[in-house]
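Please keep the sequence and the coordinates at hand while reading.

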Amino acid sequence: MSVTEKIAIDHGLKKNEFKEICNLLKRTPNITELGLFSAMWNEHCSYKSSKIHLKKLPTTGKKVIQGPGENAGVVDIEDNDAIVFKIESHNHPSFIEPYQGAATGVGGIMRDVFTMGARPIANLNSIHFGSTQNKKTKNLLRGVVNGIGGYGNCIGIPTIGGQTTFDESYNGNILVNAMTIGLVKKDKIFYSKATGINKPVIYVGSKTGRDGIHGASMASNVFDDQIEEKKPTVQVGDPFTEKLLLEACLELMTDDSIISIQDMGAAGLTSSSIEMASKGKLGIELNLDKVPCRESNMTPYEIMLSESQERMLIVLENGKEEKAKKIFEKWNLDFAVIGKTTNSKKIEIYFNGIKNAEVPIEFLSDKSPEYDRKWKKIKLPNKNKINKDLYKNLKILDVLKKILSSPNVCSKEWIWEQYDHTVMGDTIQKPGGDAGVVRVHGTNKAVAAAVDSSANYCFAHPLTGGKQIVCESWRNMISVGAKPLAITNCLNFGNPEKEKNMGEFVECLTGISEACKYLNYPVVSGNVSFYNETKDKGIKPTPTIGGIGFLKDYKKMTSMSLKKNDNIVLVVGKTEGHIDQSIFATEILNEKKGPPPEINLFNEKNNGETVLSLINEGYVKSVHDVSVGGLLVAVTQMCLAGNIGIKINKPKGLVNFFEYFFGEDQGRYLIEIEKNDINKVKSVLQKNSVYFSEFGTTQEKNVVLKDEINVTIDELMKINKTWLNNYMDN
Amino acid sequence: MNSSVIVFPGSNCDRDIAIALRKFGFKNKMIWHEDVELPKSDLVVLPGGFSYGDYLRCGSMASKSKIIQSVIKFANSGGLLMGICNGFQILTETSLLPGVLLRNKFSKFICKNVFVKINNIENNYFKNIKKNVLNLHIAHNEGNYFCSGEQMKEMQENNQIALLYCDEKGEVNEKYNPNGSSKNIAGIFSRKKNILGMMPHPERMIEKYLSGEDGSLFFENLLNNLK
């Protein structure tokens, strides 16, 4: 079959890109070669629309061992231990086939982590669905949760945290972002850069089938009416094989047999072989007759583009083949020498003894397109002048109950109870808190992790929203007593060819970048998912931040559960009553206009660091950051977690109660302090110029605010817990 | 005391149980599924996980593995054999214990703390234990115990029911049944009480910083009973 422009366009390439390919090659590519280009030049693999903007992210720091560009980022956690972590999207496949899409998302991100020599120790996920009224939502949620659980539970890695939201902008494009954290010895990290010539290239893991061909190209395009036809592009996961692959790889990694290793993820054998060669400035020769295939008569094109799961490509030291083979055979996995490194700087593919394709590596990698797409600046919206008469018919307690039982705030226990969150025996903070925490096995150290996104804020004003999510992630680390270390980000956006969407991307990124720089919270890995758009309707910009933090002594970990009666709860940070874009405005008043709450990075840093120092000195009995829903929701969550009530002080001055209790001003924490310590704590806060006020006093069972609220914890608990159960199980 | 933990491909609680056993004073060996001989053991454990991916039926492939004949021989000669979660499923698949473990009632994987009442303390596992209600952790998709009426009658006559899902005070009621198990069964013994199969994971409850400490109580007591 000779390749024409039309075939190239059907592969997702643009006219000018096909022309460029022909120019580079000085001929028309054959079908296998076209396959290679389409796999490497699509948005998902080439980052062609995002590359120039990603450069502005801060990616270095004292603790950073490896920033973006590898399979995952690596940070130092002392004593020769390091944490390897990354987040990745699996949005498009999960919408087409939620169980397999989500499952293989989890499988893929775990491989990225253990490829680097790290044993995964925790998983997290950030999942976003359409309106709860949308008829597809329930099944998609069920499928995604089953898929995430089905894969993670089987492998035996605890899922320690996550985030689930509902918004109609996801009706046609759900988001499934999966994050994995792994533990590695600093001197045993494995990289994907191949070195040396004539080294054997090894294929291990599952056999190659026809599943997932063009998965990465599919994720680089918008959806139309024909998504059912795309089912074959979704990969099928096998967690059992992944578990074997994990154990086999870690066993082989105990010595120095491996020169370089790369998982076959998006664009399968194509991207893994080309990336390894490209990083090492080498060539690679592949003999596709040797690739273990599941189906007969697979063509070179299919073998190169298959996205069958649970496969790895390894460059070995010469002479180590037998040893490696033994290990993989013990674990009942396929093992084949399928090629070698060369000095040609080309990828050369042989099939049936004949050379089937030959392309210089740099054409596929360095020469891939890079676009500086047009983008539109998004102005800060004017403040929404909400008519205060709207409040008149509302009662504080009714609003609280409504928010607690709203889809985006209600307890997500229905979801996380389906994930094994305690296997491996080191989970010391379960899902449902500000961050999940796992111990570094056998030490006093622990790692905290959380995923955060705020699509409403990012939609209203991307620059502020971008800053906000980083700050929220930072606060979640502080709230469990961890020092924030670094982040990974998953940038979920609409169609980059539209100026508005591109503008959202550029400005969110600017916000993320500014906040990360200020907070010294660098970005060490991540992924971009564009084209989350169906029939011209795109998602709200949803960058997701996966943050990790470090606890030197896990016994100093804090949680949000109130500890005992008669303690003082302080609000740290100033409450101005910012209502625009709050859940109170959007869900209760149905007012969607106005700017998100302002971010003051100085206050964020100062408040956070001060709270962390108070935690480390043992003064803070419990702590929770104030986010969606504002103060009253935050304190209720603390009460529910600790099964302890609170008598709330009436706010002083002329503040409006609704704005005070439901405003979503940033940079705030609620902290529980024993009466004996209160003066000391106040003096520390004053000394550091941190604004604070007394919010209330803990007491048995009831949440009380004079003249407004008197309600039992049990009643609030029921309201908070039943919404999702009823929605899903009835 | 010598313990052996059998490791199948797909086991994933093998490390956790080994850590727990060592913590409370057992010497422990990990035994690979392709081994044929068991080392001399006072206790053999079939750990939780997804042996062979649980692809056929949970525990079914493991019940045909190479090592299993030695395990059966060990149990038949009176050795203490404990199966936790997937281990319990393997025990029913080998017919060392009666009944089967079906898919949970609401077709959901469940990971949470539960209370279980100890129903029989006249055995090496629970003799002298300081509490009669334990707070343990479950994490399974197929823990819905089922057996024939005849088998149930026989088990009751022989006092083979080990653990029952209950509330914190020990009240056994369908309300506290997380997975639909017959009679709220969370664990059972063999006739001679040397084999124990249970869905809860005591090995995940061995420190106050984890989900709880009642697992410690179980292991300490077990070791004392064996001394």
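## Confidence and conventions

pLDDT is the predictor's confidence in each residue, on a scale from 0 to 100. For chain B the mean pLDDT is 96, and 100% of its residues reach 70 or more, while the complex as a whole is given an ipTM of 0.96 and a pTM of 0.96 by the predictor. Where pLDDT is low, the predicted coordinates should not be read in detail.

This is a predicted model, in which local features need pLDDT of at least 70 and side-chain atom pairs count only at pLDDT 80 or more, whereas totals for chains, interfaces and linings use all residues. Residues are numbered from 1 along each chain as its sequence is written, chains are lettered from A and ligands numbered from 1 in the order in which they are written, and side-chain values use heavy atoms, with hydrogens and water left out.

## The contact between chains A and B

Counting contact as heavy atoms within 4.5 Å, 26 residues of chain B and 30 residues of chain A take part. The buried area, that is, the accessible area (1.4 Å probe) that two parts lose on being put together, summed over both, is about 2400 Å² between chain B and chain A, and carbon and sulfur atoms give 56% of this area.

Four salt bridges are counted between chain B and chain A, a salt bridge being a side-chain nitrogen of Lys or Arg within 4 Å of a carboxyl oxygen of Asp or Glu. D426(A) forms a salt bridge with R15(B), with the closest N and O atoms 3.7 Å apart. On the side of chain B that touches chain A, the elements that give two or more residues are α1 (14–23), β6 (110–118) and β7 (133–140) of chain B; β6(B) gives the most, with four residues. Helices (H or I, at least four residues) and strands (E, at least two) are here DSSP runs, numbered from the N terminus.

Strands are taken to pair if DSSP finds at least two bridges between them.

Another open sheet of six strands in chain A has the order β14-β15-β16-β21-β17-β18, and its pairing is mixed. Here β14 (427–429) and β18 (523–529) of chain A stand at the edges, each with a single partner strand, so one side of each lacks a neighbour in the sheet. Strand β17 (residues 483–492) of chain A pairs with β18(A) in the parallel sense over six bridges, and I487(A) stands opposite V523(A) in β18(A).

## Salt bridges over all chains

Over all chains, the count comes to 56 salt bridges. One of the salt bridges joins the side chains of E247(A) and K243(A), at 3.0 Å from N to O. Being four residues apart in helix α10 (residues 239–252) of chain A, E247(A) and K243(A) are separated by about one helical turn.
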